[in-house]
Amino acid sequence: MTRALLNRQLRTVPGRTDRVVVIGAGLAGLSAALRLRGAGREVTVVDRCPGPGGRAGRVERAGYALDTGPSVFTAPDLVADAFAAVGETMADRLTLTPLDTTYRAQFADGSHLDVHADRTAFAAEVERLCGAGEAAALLRYLDDLAELYELQLRTFIDRNLDSPLDLLGPELLALARRGGFRRLSKHVGAAFTDDRLRRLFSFQALYAGVSPFRAIAAYAVIAQLDIGAGVWHPQGGIGAVPRAMAAAAADAGVEFRYGTEVAQLELAGGRVTGVALEDGDLLPADAVVVTADAPHRLVPGLRGPRRPVYSPSCVALHLGVRAELPGQAHHTISFGAAWEQVFAELTRDGRPMSDPSLLISMPSVTDRSLAPEGGQVISVVAPTPNLDPRSGGNPDLDWPALAPRYREELLATLEARGWTGVSEAIEVEELLTPVDWAAQGMAAGTPFALAHTFGQTGPFRPSTLPRGGPENVVLAGSSVQPGVGVPMVVISGRLAAERITGPVPA
């Protein structure tokens, strides 16, 4: 079934849509802008930051280039599709290197497992660590993941949904028969007997903002995007992706207004007629795409989620170190000994993990342009509670006071887990906590937006074309369909554009 057929009754913005203002130059806004321009619309993108990127930030100091947002890049075909909307080829704008080792999984018992993009090599690695039976189980599970992803992509992810009724059909029944609505932890547990593999294929639930002990099994497909389908590194870092997208959009005729805030949306007769900027300019608009994390704060008459549940937040420590650190992988998932306990701490108890599992990225292993000779760049992401007590967070954590101690704990953990000498070699660093995310306008102080609870998934997640508010305002980004993560927000930009242009045939 094609996407065009699935969207045959798609609601779109009524009336004239010749001039579109996109608020936000992150990946969602850039994806929307490219597609809108490709469909012949006059497009202006506004962002308060001095350049493109949004959450995909970048810090350059002393010869180090630090990505301060996403560190894992998957599904490049989605970005390529956005370039193609304006007649561009992604390879002309962006150089991608596929990672042979997608992740190194490091376990508390001292063992490790390299996750290879090549499934035969991956299976051999699993056999070395876990035995032949688990290697065979791995190949079966990877096949299952690929099938599950294709099922969900066309039905639940890669389309605009206005009602739960939109899901009715054989695909929903097929997902239910495959156990897609039982708990993820049980789904993965049924596939593997080795606890290390169970962790490897269920930790991704945190990307969706929920514990694997609460997430539905349908979220197993998140693992398909990195473990199953592979990870790439953009030359110049993740921040090179939005820069390339913005350059292609500008060359296609999109206007960019950086370094300016939106003051308000001007209304007339239930429609936005213009976007007023704080510098005094007024941009005429027939339609507006809003990518803000909490769009109801900007859009008159738009209601926010009734009882929002937000994802856990994180502390991100980005380092430029004058050390070689030989033998480390591009991406490492460093698991602590505790497991179910730490999810309870994050999502119920409102306190940092007592035995943290960390995502550690060292992209300068692959891309020497990111660090000076003899140096490396390292990013450490440690999940923490958000600032919303209704979501299991803790607004009373004094992060300005806690941050220096937490930084020392993270560095000590890095040293203990193999990154020996890091603490004494730091030349550049950037530390971001939940209060920093909140200061950037991210609801509940989390960069991971609304959690993918059952009530905030698929048609229950805020729509790209909300009912209520002005009829010509469209939403994109992490907090709307389809959800959180680089691939999802790129898709959301396309879905938002289709609310203005109508569906594009697959």
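A salt bridge is a side-chain nitrogen of Lys or Arg within 4 Å of a carboxyl oxygen of Asp or Glu. Keep that cut-off in mind for this tour of a predicted model.

Stop 1: Select Arg407 and Glu408. Their side chains meet in a salt bridge, with N and O 2.3 Å apart. Now color by accessibility. Arg407 is buried at 18% relative accessibility, while Glu408 is partly exposed at 45%.

**Stop 2: from helix to strand.** Arg407 sits in helix H13 (residues 399–416) and Glu429 in strand E18 (residues 426–432), so the bridge ties together parts 22 residues apart in sequence. Glu429 is partly exposed, at 27%.

**Stop 3: a longer reach.** Select Arg16 and Asp286. Their closest N and O atoms are 3.4 Å apart, and the two form a salt bridge. How many residues apart in sequence are the parts that this pair ties together? The answer is 270: Arg16 lies in the loop between helix H1 (3–6) and strand E1 (19–23), Asp286 in the loop between strands E12 (282–284) and E13 (287–290). Asp286 is buried, with a relative accessible area of 9%.

Together with Arg16 and Asp286, they are linked in a network of salt bridges. The whole model has 28 salt bridges.

**Stop 4: the cysteines.** The model has zero disulfides. Select Cys49: the nearest cysteine sulfur belongs to Cys314, 17 Å away. A disulfide needs two cysteine sulfur atoms within 2.5 Å. Cys49 is partly exposed at 29%. Finish on Cys130, which is buried at 18%.

Terms used
Residues are numbered from 1 along each chain as its sequence is written. This is a predicted model: local features need pLDDT of at least 70, side-chain atom pairs count only at pLDDT 80 or more; totals for chains, interfaces and linings use all residues. Side-chain values use heavy atoms; hydrogens and water are left out. Buried means under 20% relative accessible area, exposed over 50%, partly exposed in between (1.4 Å probe, protein chains only). Helices (H or I, at least four residues) and strands (E, at least two) are DSSP runs, numbered from the N terminus.
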